[in-house]
Amino acid sequence: MSERNDHKVVVPIGPQHPSLKEPGSFKITLDGEKVERAVIEIGYNHRGIEKACESRNYMQALYIIERVCGICSHAHTSCFCQAFEELAGLEVPRRAHYIRGIVGELERLHSHLLWLGVAAHEIGFDTLFMYTWRDRELVLDLLARIGGNRVNYGVNTYGGVRRDLESELMADILRVCDQLEEKLKYYAALALTETTLIARLKGIGVLTPDDVRKFSAVGPVARAAGIMADTRIVEPYGVYQEIAVTPIVDDHCDVYGRTLVRVKEMLEAIRLIRLFVREIPDGPISVRAPRKLPVGEVLSRVEAPRGENVHYIRSTGADMPDRVRVRAPTEANWHGMSHMLEGFQLADVPIIIAAIDPCYSCTDRAIHLVGGGINQLTDWESIRLHSIEQYKSRGIDPSTIKMREF
Amino acid sequence: MLLSILKVLVFPGLLFLSVYSLVLEFVDRKVYARMQNRKGPPWYQPMADMLKLVGKKVIVPSNAQKFVFSALPTVSLAAVCAAFLCTPVWGETAITAYSGDLVAVLYLLTIPTLCHFLAGYNSHEVYSTIGAFRTLTQMFAYEVPLFMAFLSPAILAGTWSISGIAAFYHAHPLYALINLPAFFVSLLTSQSKLERTPFDAPEAETEIVGGALVEYSGRYLAFFRATAIAELAAVASVLAALFLPFFTGIAWVDFALYLVKTLVIVLMMVLLRATMARIRIDQTLRFFWSILTPIAMAQLILNLFLRGGLGL
Amino acid sequence: MNVEETILALNTHFPALAAVSPRPLRVFTSFTEPKQFEEALRFANGTLGYHKGKHIVGTDEGEEIGMSYILSNDENVLLVLRERVPKNAAHVRSMGELYPSLVLHEREMVDLFGVQVSGLPEGPRYPLPDCWPEGEYPLRKEWNPAFFNKQTTTYEPPKEDDAK
């Protein structure tokens with residue numbers, strides 16, 4: 001496994017490694033304990049999502065986009081729907097915007113809680129890991145009640161949302177917010193006072209404001225360097241046009257700063273959820289969306305928990321997109337990774353990698369891997385046959401509808 | 001003669017050690033889990049883990065020296081068992097009490113660490129090599145404060161025998177309070193010796209995948225695991241004898257007291273493990289050399305002064 | 001540099017780009033030849049202050065491959081500069097020294113669209129697996145996943161004679 005030249009050791013971290021929750025390969029050249037060079041190899045999760053979208057109609061593409069990421073699925077569909085609505089010229093009802101906002105902020109909460117747990121685990125602080133993941137369950141249960149699923153909620157649709165929030169559910173959301181706020185304040189205090197935590201996080205993985213510009217970093221990584229790169233503020237969309245987000249920045253430029261930013265963002269998310277629930281207007285939750293888009297292209301962005309999420313759709317007037325490009329936030333944060341790793345210690349590598357909250361699936365998007373595992377997948381035809389059966393049992397016969405060959 | 005052999009083999013010797021170390025591991029894991037808001041394992045889990053490991057296939061790396069690779073687990077377990085026999089469990093005196101056994105115990109407890117290093121170095125694998133060197137680096141960090149902290153009560157008592165030290169503090173219980181700083185230092189250094197969080201950089205799972213023992217499997221790994229938990233029992237016993245020496249003179253009450261004392265020490269170690277993050281190896285070095293070593297040194301000088309100057 | 005200033009500056013110096021802004025904070029331009037594109041990119045980076053390279057969107061334009069470089073500045077305007085290269089001789093120069101963050105996306109163009117990028121720093125390919133066969137570019141429109149054999153990693157589209 002090890003290669004030696006010039007008395008330097010190359011340590012492979014990944015594709016399978018306990019500190020990586022998803023496959024990615026980091027070849028770390030060590031000089032003693034110091035990282036001299038880091039080569040990043042990603043792409044293990046390339047699933048061909050963009051190609052798949054090009055051969056599906058918009059409604060089907062939405063379901064694929066929902067599955068770009070397991071954590072920030074709502075951010076991806078929000079962005080995709082927003083792009084679609086912009087091109088189609090749809091006016092989304094206000095209530096739908098608010099529901100999107102509530103689900104989006106809940107998602108931010110659970111994503112950041114997940115991150116805090118993973119980060120704590122990387123530095124061997126398993127107690128904090130267990131605590132945050134316990135608290136994350138509260139949010140996941142809420143999301144499961146809203147959307148029926150713990151991760152892919154399927155709340156968004158073109159022209160609005162698919163599920164309304166009953167007043168009972170909103171009361172529960174507020175209750176969970178109260179419970180979580182108390183715990184989050186404790187974590188914030190912990191992050192500010194726990195000596196070993198600070199000793200491990202401070203001063204490592206430095207990315208200065210200039211580096212942020214050079215490597216085009218987004219999200220908490222940029223905000224920890226004092227750059228206010230929050231799409232909800234620089235380009236307010238949906239509910240954020242009505243309710244302003246408090247900017248959260250930090251000037252530590254390191255992993256510690258990213259931790260503080262995320263913890264504060266969770267408290268801000270709770271404030272926003274409370275506001276949204278209080279201000280949510282009555283009315284319809286969706287408008288009818290067309291099946292086809294007019295010719296055109298659109299570049300849409302939203303703020304996912306990990307940063308700015310950019311979707312590009314180009315339409316040729318058909319019911320299928322001509323090109324879909326998903327630029328997930330993690331993809332933007334990879335560029336500065338080697339720079340962040342070099343010069344620090346091997347012990348810091350896992351936490352520096354974790355500090356951008358990497359989501360490999362998001363980055364790679366897009367074809368199942370060559371060789372193996374194919375027979376475990378259900379192919380498109382059998383899913384279609386299954387759905388035809390389902391509809392037939394309800395008295396509708398969709399089998400005459402032709403499926404587009406690709 | 002037969003009685004002595006039985007004492008060594010059964011109680012309070014090796015059989016007791018194996019049972020009690022499993023109990024301590026269970027307490028360690030259960031309390032750790034409860035502190036983390038988890039349910040924790042059932043009481044037989046350490047035993048089940050051990051049996052399962054023993055039954056697993058052993059894989060020896062092709063470029064490792066086979067004899068050394070297979071001998072190291074046994075050597076380290078034997079050293080820990082020998083150390084445990086020198087600590088008082090039943091009554092005030094250990095089975096094998098002799099003058100100067102404290103120093104012997106400290107050296108015996110160093111052997112597992114060296115075995116870890118050799119095991120990692122002999123595996124010829126990048127993670128295990130890094131783990132091995134971290135083990136050795138960490139040993140250089142904690143060994144000096146550990147020795148000074150463990151020897152402080154001995155100097156005050158004027159004897160180098162663990163049983164003798166226990167007897168001295170039994171006679172003068174209040175003197176034990178003088179050793180509180182040394183107790184604090186020895187708790188932290190023991191935590192480091194046992195490679196438990198926050199000093200578990202040598203086996204940091206998320207960085208170097210378990211460190212020195214990454215190539216070990218099956219019964220060899222089981223032996224190393226047994227070493228680790230027996231070491232916990234042995235260190236807790238030595239700490240109890242040196243720093244918490246309260247005896248009644250009635251053998252079974254002393255045994256109960258021994259159980260309470262070791263459990264208290266293990267609980268303190270679990271608390272340390274549960275409330276801190278793993279610190280880096282360079283931070284470990286700095287912490288031990290710039291904070292713990294001066295404290296231990298001050299304690300040592302104080303005890304020398306008390307012993308000699310005040311003629312205790 | 002806000003949207004209006006950007007459009008004015010671009011249209012003054014590069015009328016062929018025909019910069020327009022369909023909505024706030026967006027500037028789209030039309031496709032140009034690689035040479036003019038490179039000048040425009042340097043202009044955007046140097047004079048206009050678009051220091052952040054966001055990403056590259058590759059598109060299949062029939063006989064050509066389109067590459068849309070999405071840049072951004074401190075005011076968070078998204079500027080789309082594009083170039084077009086023929087499919088059978090797709091060759092561009094790497095913009096890595098101007099925008100280090102675009103290197104990964106250039107590698108993506110190499111793998112998914114078959115655009116040769118000269119001047120790329122050494123490094124692993126992205127995002128396709130190492131055993132991916134040469135000459136297979138999944139995001140070109142004529143490439144159909146149905147004809148890709150996952151076991152032998154060969155691509156066998158039916159010949160037109162067979163279809164008849």
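How many residues does the contact take from chain B and from chain A? It takes 25 residues from chain B and 27 residues from chain A, where two residues are in contact if their C-beta atoms, placed from the backbone, lie within 7 Å. This is a predicted model, in which local features need pLDDT of at least 70, side-chain atom pairs count only at pLDDT 80 or more, and totals for chains, interfaces and linings use all residues. Residues are numbered from 1 along each chain as its sequence is written, while chains are lettered from A and ligands numbered from 1 in the order in which they are written.

**Confidence**

- The model scores ipTM 0.88 and pTM 0.85.
- Chain C has an average pLDDT of 86, on a scale of the predictor's confidence in each residue from 0 to 100.
- In chain C, 97% of the residues score at least 70.
- Where pLDDT is low, the predicted coordinates should not be read in detail.

**Chain B against chain A**

- The contact takes 25 residues from chain B and 27 residues from chain A. On the side of chain B that touches chain A, α6 (126-157), α9 (205-208), α11 (251-275) and α12 (281-309) of chain B each supply at least two residues.
- Helices (H or I, at least four residues) and strands (E, at least two) are DSSP runs, numbered from the N terminus.
- α9(B) gives the most to this side, with three residues.
- By class, the side of chain B that touches chain A has twelve nonpolar, six polar and seven charged residues.
- Ala, Val, Leu, Ile, Met, Phe, Trp, Tyr, Cys and Pro count as nonpolar, Asp, Glu, Lys and Arg as charged, and the others, Gly among them, as polar.

**Chain A against chain C**

- Here 30 residues of chain A are in contact with 31 residues of chain C.
- β4 (34-41), α1 (49-54), α8 (209-215), β8 (307-315) and β9 (323-327) of chain A each supply at least two residues of the side that touches chain C.
- That side of chain A divides into 13 nonpolar, six polar and eleven charged residues.

- Two packed helices are described by the angle between their axes and the distance between the axes.
- Axes are lines fitted to C-alpha atoms, for helices over the stretch in contact, and angles run from 0 to 180 degrees between N-to-C directions.
- The axes of α4 (residues 66-85) and α5 (residues 101-122) of chain B come within 8 Å and cross at roughly 165°.
- α4(B) and α5(B) are therefore roughly antiparallel to each other. Angles under 35 degrees count as roughly parallel, over 145 as roughly antiparallel, 65 to 115 as roughly perpendicular and the rest as oblique.
- α4(B) passes α5(B) in a left-handed crossing. A crossing is left-handed if the near helix is turned anticlockwise from the far one by less than a right angle, and right-handed if clockwise.
- Among the contact residues are B:Phe69, B:Leu72 and B:Val75 of α4(B), with B:Leu108, B:Ile111 and B:Cys115 of α5(B).
- The contact of α4(B) with α5(B) has 16 nonpolar, two polar and no charged residues.
- α6(B) and α12(B) pack at an angle of about 15°, with their axes 8 Å apart.
- α6(B) and α12(B) are therefore roughly parallel to each other.
- The crossing of α6(B) and α12(B) is left-handed.
- By class, the contact of α6(B) with α12(B) has 19 nonpolar, seven polar and two charged residues.

**Backbone points**

- B:Thr197 and B:Pro198 are joined by a cis peptide bond, with omega about 5°. B:Pro198 lies in the loop between α8 (180-193) and α9 of chain B.
- C:Tyr126 and C:Pro127 are joined by a cis peptide bond, with omega about -5°. C:Pro127 sits in the loop between β6 (116-118) and β7 (148-149) of chain C.
- B:Asn37 has a positive phi of about 70° although it is not a glycine. B:Asn37 is found in the loop between α2 (14-35) and α3 (45-55) of chain B.
- B:Asn37 is exposed, with 12 other C-beta atoms within 10 Å. A residue is buried if 20 or more other C-beta atoms lie within 10 Å of its own, exposed if 12 or fewer, and partly exposed in between; C-beta atoms are placed from the backbone.
- C:Ala18, a residue other than glycine, has a positive phi near 50°. C:Ala18 lies in the loop between α1 (3-13) and β1 (26-32) of chain C.
- C:Ala18 is partly exposed, with 14 other C-beta atoms within 10 Å.

**A:Ile353**

- A:Ile353 is in helix α14 (residues 349-355) of chain A.
- A:Ile353 counts as buried, with 24 C-beta neighbours inside 10 Å.
- A:Ile353 touches A:Phe26 and A:Pro358, not counting residues up to four places away in sequence.
- The C-alpha atoms of A:Ile353 and A:Gly205 are separated by 8.6 Å, and the two residues are 148 residues apart along the chain.
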